[in-house]
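Please read it alongside the sequence and the model.

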Amino acid sequence: KNPRISFVSSGHYPYDDRIFYHQGRTLVENGFLVQIISGKINLNSYDSGISLNCFEGFSVPKREKIKKFIERIRQFNPDVIICSEPLPVLAAGLFKRRAEKQIRIIYDITEWYPSKKNLINKKGIPKYLTFLKLLLLNLLTSFITDAFIFGEYYKSRPYRFLFPLKPFIYSTYYPGLNYIEYRTPRLLPGKLRLSYSGKISREKGFINFINVINRLSSICKSLKINVKITGWFESDEDKKECEIFLQNKNTNINFTIEDKQKFIEYVNHLYETDIFIDLREDDHENQYCLPIRLFCYVASGRPVIFSDLKAIRKEVKTEKFGFLVKPRQTEVIVRLIMRYLENDALYYNHCHDARILAETEYN
(Lines give C-alpha, C1' and ligand atoms only; values in the text may rest on other atoms or scores of the structure.)
Protein backbone atom coordinates (compact mmCIF):
# COMPACT_ATOMS: atom_id res chain seq x y z
CA LYS A 1 0.00 0.00 0.00
CA ASN A 2 1.37 3.40 -1.01
CA PRO A 3 1.35 5.92 1.88
CA ARG A 4 -0.95 8.91 1.34
CA ILE A 5 0.32 12.43 2.09
CA SER A 6 -1.81 15.59 2.28
CA PHE A 7 -0.25 19.04 2.18
CA VAL A 8 -2.58 21.64 3.69
CA SER A 9 -1.96 25.39 3.53
CA SER A 10 -4.02 28.50 4.20
CA GLY A 11 -1.29 30.88 3.02
CA HIS A 12 0.40 29.26 0.02
CA TYR A 13 -0.85 28.70 -3.51
CA PRO A 14 -0.98 25.07 -4.73
CA TYR A 15 1.94 25.59 -7.12
CA ASP A 16 4.20 26.90 -4.36
CA ASP A 17 7.77 25.90 -5.24
CA ARG A 18 8.43 24.23 -1.87
CA ILE A 19 5.13 22.36 -1.58
CA PHE A 20 4.42 21.36 -5.19
CA TYR A 21 7.75 21.24 -7.01
CA HIS A 22 10.12 20.13 -4.27
CA GLN A 23 8.17 18.27 -1.60
CA GLY A 24 5.16 17.04 -3.56
CA ARG A 25 6.93 15.88 -6.71
CA THR A 26 9.73 14.26 -4.72
CA LEU A 27 7.22 12.21 -2.73
CA VAL A 28 5.38 11.14 -5.90
CA GLU A 29 8.68 10.03 -7.46
CA ASN A 30 9.26 7.88 -4.38
CA GLY A 31 5.93 6.08 -4.54
CA PHE A 32 3.70 8.21 -2.31
CA LEU A 33 0.17 9.35 -3.17
CA VAL A 34 0.04 13.12 -2.75
CA GLN A 35 -2.72 15.68 -2.30
CA ILE A 36 -2.37 19.47 -1.99
CA ILE A 37 -5.13 21.51 -0.34
CA SER A 38 -4.79 25.29 -0.52
CA GLY A 39 -7.18 27.92 0.77
CA LYS A 40 -5.93 30.51 -1.74
CA ILE A 41 -7.64 29.65 -5.04
CA ASN A 42 -10.44 27.56 -6.53
CA LEU A 43 -8.77 24.60 -8.24
CA ASN A 44 -9.68 20.95 -8.63
CA SER A 45 -7.28 19.09 -10.90
CA TYR A 46 -4.50 16.49 -11.19
CA ASP A 47 -0.95 17.50 -12.13
CA SER A 48 2.34 15.55 -12.10
CA GLY A 49 0.70 12.77 -10.10
CA ILE A 50 -0.55 15.21 -7.47
CA SER A 51 -4.21 15.77 -6.62
CA LEU A 52 -5.01 19.49 -6.26
CA ASN A 53 -8.19 20.08 -4.25
CA CYS A 54 -8.27 23.79 -3.41
CA PHE A 55 -10.73 26.56 -2.58
CA GLU A 56 -10.67 30.35 -2.42
CA GLY A 57 -10.87 31.19 1.27
CA PHE A 58 -10.01 34.88 1.37
CA SER A 59 -13.44 35.98 2.63
CA VAL A 60 -14.35 32.69 4.35
CA PRO A 61 -14.66 32.79 8.20
CA LYS A 62 -11.98 30.73 9.96
CA ARG A 63 -14.46 28.16 11.30
CA GLU A 64 -15.86 27.56 7.82
CA LYS A 65 -12.35 27.38 6.39
CA ILE A 66 -11.44 24.64 8.87
CA LYS A 67 -14.53 22.70 7.76
CA LYS A 68 -13.47 22.98 4.14
CA PHE A 69 -9.99 21.71 5.00
CA ILE A 70 -11.41 18.75 6.94
CA GLU A 71 -13.82 17.86 4.13
CA ARG A 72 -10.99 17.70 1.58
CA ILE A 73 -8.68 15.82 3.93
CA ARG A 74 -11.41 13.25 4.58
CA GLN A 75 -11.93 12.69 0.84
CA PHE A 76 -8.26 11.75 0.43
CA ASN A 77 -7.92 9.92 3.77
CA PRO A 78 -4.15 10.51 4.23
CA ASP A 79 -1.69 8.74 6.52
CA VAL A 80 0.37 11.91 7.04
CA ILE A 81 -0.78 15.54 6.93
CA ILE A 82 1.88 18.23 6.39
CA CYS A 83 0.66 21.70 7.37
CA SER A 84 2.20 25.09 6.62
CA GLU A 85 0.27 27.25 9.12
CA PRO A 86 -1.58 26.89 12.46
CA LEU A 87 -5.11 26.88 10.99
CA PRO A 88 -4.49 23.77 8.85
CA VAL A 89 -2.94 22.09 11.91
CA LEU A 90 -6.19 22.70 13.79
CA ALA A 91 -8.14 21.14 10.92
CA ALA A 92 -5.76 18.19 10.78
CA GLY A 93 -6.05 17.71 14.55
CA LEU A 94 -9.86 17.61 14.37
CA PHE A 95 -9.70 15.10 11.52
CA LYS A 96 -7.21 12.95 13.43
CA ARG A 97 -9.49 12.71 16.49
CA ARG A 98 -12.18 10.95 14.44
CA ALA A 99 -9.97 9.01 12.03
CA GLU A 100 -10.21 5.22 11.98
CA LYS A 101 -6.47 4.80 11.49
CA GLN A 102 -3.29 6.32 12.90
CA ILE A 103 -2.59 9.77 11.45
CA ARG A 104 0.59 11.81 11.85
CA ILE A 105 0.59 15.60 11.64
CA ILE A 106 3.75 17.42 10.61
CA TYR A 107 4.11 21.21 10.93
CA ASP A 108 6.38 22.61 8.18
CA ILE A 109 7.67 25.91 9.58
CA THR A 110 9.19 28.39 7.15
CA GLU A 111 7.88 31.67 8.61
CA TRP A 112 7.62 33.41 11.96
CA TYR A 113 4.18 33.19 13.52
CA PRO A 114 2.90 35.66 14.47
CA SER A 115 4.89 37.85 12.09
CA LYS A 116 4.72 41.49 11.02
CA LYS A 117 2.25 40.72 8.25
CA ASN A 118 -0.18 39.19 10.77
CA LEU A 119 -0.24 42.48 12.71
CA ILE A 120 -0.43 44.94 9.81
CA ASN A 121 -2.87 47.85 10.27
CA LYS A 122 -3.12 47.17 14.02
CA LYS A 123 -1.86 49.65 16.60
CA GLY A 124 -1.78 50.04 20.35
CA ILE A 125 -3.62 47.56 22.59
CA PRO A 126 -5.40 45.71 19.71
CA LYS A 127 -2.00 44.95 18.21
CA TYR A 128 -0.72 43.35 21.44
CA LEU A 129 -3.97 41.43 21.94
CA THR A 130 -3.80 40.08 18.40
CA PHE A 131 -0.18 39.08 18.91
CA LEU A 132 -1.06 37.23 22.13
CA LYS A 133 -4.02 35.45 20.53
CA LEU A 134 -1.95 34.28 17.55
CA LEU A 135 0.93 33.26 19.80
CA LEU A 136 -1.38 31.07 21.89
CA LEU A 137 -2.82 29.57 18.69
CA ASN A 138 0.67 28.70 17.51
CA LEU A 139 1.53 27.08 20.85
CA LEU A 140 -1.67 25.03 20.75
CA THR A 141 -1.08 23.80 17.20
CA SER A 142 2.55 23.02 17.97
CA PHE A 143 1.32 20.85 20.86
CA ILE A 144 -1.07 19.03 18.50
CA THR A 145 1.71 18.43 15.97
CA ASP A 146 3.53 15.06 15.96
CA ALA A 147 6.72 16.35 14.33
CA PHE A 148 8.32 19.42 12.76
CA ILE A 149 10.02 20.31 9.50
CA PHE A 150 12.14 23.46 9.83
CA GLY A 151 13.17 25.57 6.87
CA GLU A 152 16.03 27.21 8.75
CA TYR A 153 17.94 27.31 12.03
CA TYR A 154 16.64 30.46 13.73
CA LYS A 155 12.98 29.65 13.16
CA SER A 156 13.50 26.25 14.78
CA ARG A 157 14.83 27.56 18.08
CA PRO A 158 11.59 28.40 19.95
CA TYR A 159 9.94 25.13 18.91
CA ARG A 160 12.96 22.99 19.83
CA PHE A 161 13.11 24.76 23.21
CA LEU A 162 9.40 24.39 24.01
CA PHE A 163 8.94 20.91 22.51
CA PRO A 164 12.33 19.20 22.91
CA LEU A 165 10.93 15.65 22.62
CA LYS A 166 9.14 16.12 19.31
CA PRO A 167 11.07 14.72 16.32
CA PHE A 168 12.17 17.18 13.63
CA ILE A 169 14.26 17.56 10.49
CA TYR A 170 15.74 20.53 8.66
CA SER A 171 14.64 20.83 5.05
CA THR A 172 15.78 24.22 3.90
CA TYR A 173 15.13 26.19 0.72
CA TYR A 174 17.68 24.65 -1.63
CA PRO A 175 16.22 24.18 -5.13
CA GLY A 176 16.43 20.97 -7.11
CA LEU A 177 19.04 21.49 -9.83
CA ASN A 178 16.78 19.61 -12.22
CA TYR A 179 14.79 22.86 -12.32
CA ILE A 180 17.66 25.36 -12.58
CA GLU A 181 20.32 24.64 -15.17
CA TYR A 182 23.58 26.55 -15.48
CA ARG A 183 23.81 28.91 -18.42
CA THR A 184 27.12 30.63 -19.02
CA PRO A 185 26.85 34.25 -17.85
CA ARG A 186 27.80 37.07 -20.16
CA LEU A 187 28.02 40.75 -19.30
CA LEU A 188 27.21 42.85 -22.37
CA PRO A 189 29.23 46.08 -22.86
CA GLY A 190 27.28 49.15 -21.83
CA LYS A 191 24.34 47.12 -20.49
CA LEU A 192 23.22 45.77 -17.13
CA ARG A 193 20.23 43.54 -16.37
CA LEU A 194 18.77 43.62 -12.86
CA SER A 195 15.59 42.23 -11.33
CA TYR A 196 13.36 42.43 -8.28
CA SER A 197 10.98 39.67 -7.25
CA GLY A 198 8.51 39.16 -4.43
CA LYS A 199 6.38 41.51 -2.38
CA ILE A 200 6.86 45.09 -3.62
CA SER A 201 7.23 47.26 -0.53
CA ARG A 202 9.62 49.49 1.39
CA GLU A 203 10.04 46.82 4.09
CA LYS A 204 11.15 44.24 1.50
CA GLY A 205 13.71 46.69 0.15
CA PHE A 206 12.10 47.96 -3.04
CA ILE A 207 12.79 51.63 -2.31
CA ASN A 208 16.42 50.82 -1.38
CA PHE A 209 16.70 48.92 -4.66
CA ILE A 210 15.29 51.83 -6.70
CA ASN A 211 17.60 54.31 -4.95
CA VAL A 212 20.61 52.22 -5.96
CA ILE A 213 19.47 52.00 -9.59
CA ASN A 214 18.82 55.75 -9.80
CA ARG A 215 22.23 56.56 -8.32
CA LEU A 216 24.00 54.07 -10.61
CA SER A 217 22.27 55.51 -13.67
CA SER A 218 23.30 59.04 -12.65
CA ILE A 219 26.96 58.06 -12.33
CA CYS A 220 27.06 55.83 -15.42
CA LYS A 221 24.97 57.85 -17.87
CA SER A 222 25.93 55.70 -20.87
CA LEU A 223 24.95 52.46 -19.11
CA LYS A 224 21.64 50.98 -20.28
CA ILE A 225 19.93 49.44 -17.24
CA ASN A 226 17.07 47.01 -17.79
CA VAL A 227 15.10 46.16 -14.66
CA LYS A 228 12.48 43.41 -14.48
CA ILE A 229 10.08 43.63 -11.54
CA THR A 230 8.07 40.49 -10.77
CA GLY A 231 5.82 40.69 -7.75
CA TRP A 232 2.77 42.09 -6.06
CA PHE A 233 1.61 44.92 -3.81
CA GLU A 234 -0.08 44.07 -0.52
CA SER A 235 -1.19 47.60 0.30
CA ASP A 236 -2.30 50.70 -1.62
CA GLU A 237 0.24 52.74 0.37
CA ASP A 238 3.11 50.58 -0.92
CA LYS A 239 1.79 50.79 -4.47
CA LYS A 240 1.47 54.58 -4.42
CA GLU A 241 4.94 55.10 -2.93
CA CYS A 242 6.60 52.76 -5.42
CA GLU A 243 4.79 54.26 -8.42
CA ILE A 244 6.11 57.71 -7.49
CA PHE A 245 9.66 56.36 -7.48
CA LEU A 246 9.17 54.69 -10.86
CA GLN A 247 7.77 57.85 -12.42
CA ASN A 248 10.90 59.80 -11.44
CA LYS A 249 13.38 57.36 -12.98
CA ASN A 250 16.30 58.43 -15.15
CA THR A 251 16.03 58.01 -18.93
CA ASN A 252 18.70 55.28 -19.19
CA ILE A 253 16.59 52.93 -17.03
CA ASN A 254 13.97 50.67 -18.56
CA PHE A 255 11.44 48.97 -16.26
CA THR A 256 9.16 46.04 -17.04
CA ILE A 257 6.62 44.92 -14.43
CA GLU A 258 4.98 41.48 -14.30
CA ASP A 259 2.64 39.75 -11.87
CA LYS A 260 3.75 36.95 -9.57
CA GLN A 261 4.74 33.87 -11.58
CA LYS A 262 4.74 30.13 -11.10
CA PHE A 263 8.08 28.64 -10.11
CA ILE A 264 9.02 27.29 -13.55
CA GLU A 265 8.23 30.59 -15.27
CA TYR A 266 10.19 32.44 -12.60
CA VAL A 267 13.22 30.17 -13.10
CA ASN A 268 13.28 30.95 -16.83
CA HIS A 269 13.69 34.64 -15.99
CA LEU A 270 16.66 34.05 -13.69
CA TYR A 271 19.00 33.87 -16.65
CA GLU A 272 18.03 37.39 -17.74
CA THR A 273 19.67 38.95 -14.67
CA ASP A 274 23.39 39.77 -14.37
CA ILE A 275 23.53 40.56 -10.63
CA PHE A 276 20.88 39.75 -8.04
CA ILE A 277 20.25 42.52 -5.52
CA ASP A 278 18.06 42.18 -2.42
CA LEU A 279 18.07 45.12 -0.01
CA ARG A 280 15.28 44.28 2.44
CA GLU A 281 15.30 46.30 5.66
CA ASP A 282 17.53 44.78 8.33
CA ASP A 283 14.92 44.97 11.10
CA HIS A 284 14.63 42.36 13.86
CA GLU A 285 12.35 39.96 11.99
CA ASN A 286 14.25 40.13 8.70
CA GLN A 287 17.53 39.59 10.54
CA TYR A 288 16.39 36.10 11.48
CA CYS A 289 14.73 35.19 8.16
CA LEU A 290 16.67 33.31 5.49
CA PRO A 291 15.57 34.60 2.04
CA ILE A 292 14.23 31.70 -0.03
CA ARG A 293 15.20 33.12 -3.41
CA LEU A 294 18.86 33.43 -2.44
CA PHE A 295 19.43 29.75 -3.25
CA CYS A 296 17.77 30.09 -6.66
CA TYR A 297 20.19 32.90 -7.42
CA VAL A 298 23.12 30.75 -6.32
CA ALA A 299 21.94 27.86 -8.51
CA SER A 300 21.63 30.11 -11.56
CA GLY A 301 25.30 31.01 -11.14
CA ARG A 302 25.09 34.75 -10.65
CA PRO A 303 26.61 37.10 -8.03
CA VAL A 304 24.44 38.57 -5.28
CA ILE A 305 24.38 41.76 -3.22
CA PHE A 306 22.17 41.16 -0.17
CA SER A 307 21.28 42.90 3.06
CA ASP A 308 23.62 41.79 5.83
CA LEU A 309 21.31 39.48 7.81
CA LYS A 310 22.24 37.15 10.67
CA ALA A 311 20.29 34.30 9.08
CA ILE A 312 22.38 34.54 5.90
CA ARG A 313 25.66 34.72 7.81
CA LYS A 314 24.62 31.65 9.80
CA GLU A 315 23.88 29.39 6.83
CA VAL A 316 25.41 30.70 3.57
CA LYS A 317 29.00 31.24 2.35
CA THR A 318 28.20 34.51 0.58
CA GLU A 319 31.82 35.66 0.50
CA LYS A 320 32.42 33.20 -2.35
CA PHE A 321 29.82 34.70 -4.67
CA GLY A 322 28.76 38.12 -3.48
CA PHE A 323 28.58 40.82 -0.83
CA LEU A 324 26.50 41.57 2.27
CA VAL A 325 25.68 45.24 2.83
CA LYS A 326 23.69 47.68 4.91
CA PRO A 327 20.57 48.08 2.75
CA ARG A 328 20.45 51.89 2.88
CA GLN A 329 24.13 52.47 2.07
CA THR A 330 23.39 53.39 -1.54
CA GLU A 331 26.88 54.65 -2.41
CA VAL A 332 28.57 51.50 -1.10
CA ILE A 333 26.20 49.27 -3.06
CA VAL A 334 26.69 51.26 -6.27
CA ARG A 335 30.47 50.91 -5.92
CA LEU A 336 30.10 47.13 -5.55
CA ILE A 337 28.04 46.95 -8.74
CA MET A 338 30.66 49.01 -10.54
CA ARG A 339 33.37 46.62 -9.30
CA TYR A 340 31.60 43.82 -11.11
CA LEU A 341 31.20 45.92 -14.26
CA GLU A 342 34.86 46.96 -14.26
CA ASN A 343 36.41 43.64 -13.18
CA ASP A 344 35.50 40.70 -15.41
CA ALA A 345 37.60 38.26 -13.37
CA LEU A 346 35.72 39.10 -10.16
CA TYR A 347 32.34 38.80 -11.87
CA TYR A 348 32.94 35.49 -13.63
CA ASN A 349 34.73 33.94 -10.63
CA HIS A 350 31.71 34.72 -8.45
CA CYS A 351 29.37 33.26 -11.10
CA HIS A 352 31.43 30.05 -11.24
CA ASP A 353 31.76 29.72 -7.46
CA ALA A 354 28.03 30.27 -6.95
CA ARG A 355 27.12 27.37 -9.21
CA ILE A 356 29.78 25.11 -7.68
CA LEU A 357 28.31 25.76 -4.22
CA ALA A 358 24.83 24.95 -5.54
CA GLU A 359 26.09 21.66 -7.02
CA THR A 360 28.09 20.61 -3.94
CA GLU A 361 26.08 22.00 -1.00
CA TYR A 362 22.98 24.07 -1.69
CA ASN A 363 20.66 21.70 -3.56
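The expected span of a helix is 1.5 Å times one less than its number of residues, where helices (H or I, at least four residues) and strands (E, at least two) are DSSP runs numbered from the N terminus. This is a predicted model, in which local features need pLDDT of at least 70 and side-chain atom pairs count only at pLDDT 80 or more, while totals for chains, interfaces and linings use all residues. Residues are numbered from 1 along each chain as its sequence is written, and side-chain values use heavy atoms, with hydrogens and water left out.

**Helix H2**
- The 15 residues of H2 (residues 62-76) should span 21 Å at 1.5 Å a residue, which agrees with the 22 Å between its end C-alpha atoms.
- Lys65, Ile66, Phe69, Ile70, Arg72, Ile73 and Phe76 of H2 are buried (under 20% relative accessible area, 1.4 Å probe, protein chains only).
- The cover over these buried residues includes strands S1 (4-9), S2 (33-38), S4 (50-56) and S5 (80-83), together with helix H3 (86-98).

**Lys155**
- Lys155 lies in helix H5 (residues 153-162) and, at 3% relative accessibility, counts as buried.
- Its contacts (heavy atoms within 4.5 Å), leaving aside neighbours within four places in sequence, include Trp112, Phe150, Tyr173 and Tyr288.
- A polar atom of the Lys155 side chain lies 3.3 Å from the backbone oxygen of Thr110.

**Helices H6 and H7**
- H6 (residues 206-219) and H7 (residues 236-247) pack at an angle of about 5°, with their axes 11 Å apart, and are therefore roughly parallel to each other (angles under 35 degrees, between N-to-C directions of lines fitted to C-alpha atoms over the stretch in contact).
- Phe206, Ile207, Ile210 and Asn211 in H6 meet Glu241, Cys242, Phe245 and Leu246 in H7.

Key: Axes are lines fitted to C-alpha atoms, for helices over the stretch in contact, and angles run from 0 to 180 degrees between N-to-C directions. Angles under 35 degrees count as roughly parallel, over 145 as roughly antiparallel, 65 to 115 as roughly perpendicular and the rest as oblique. Buried means under 20% relative accessible area, exposed over 50%, partly exposed in between (1.4 Å probe, protein chains only). A polar contact is a pair of N or O atoms within 3.5 Å; within protein, one must be able to donate a hydrogen and the other to accept it, and residues adjacent in sequence count only if both atoms are side-chain atoms.
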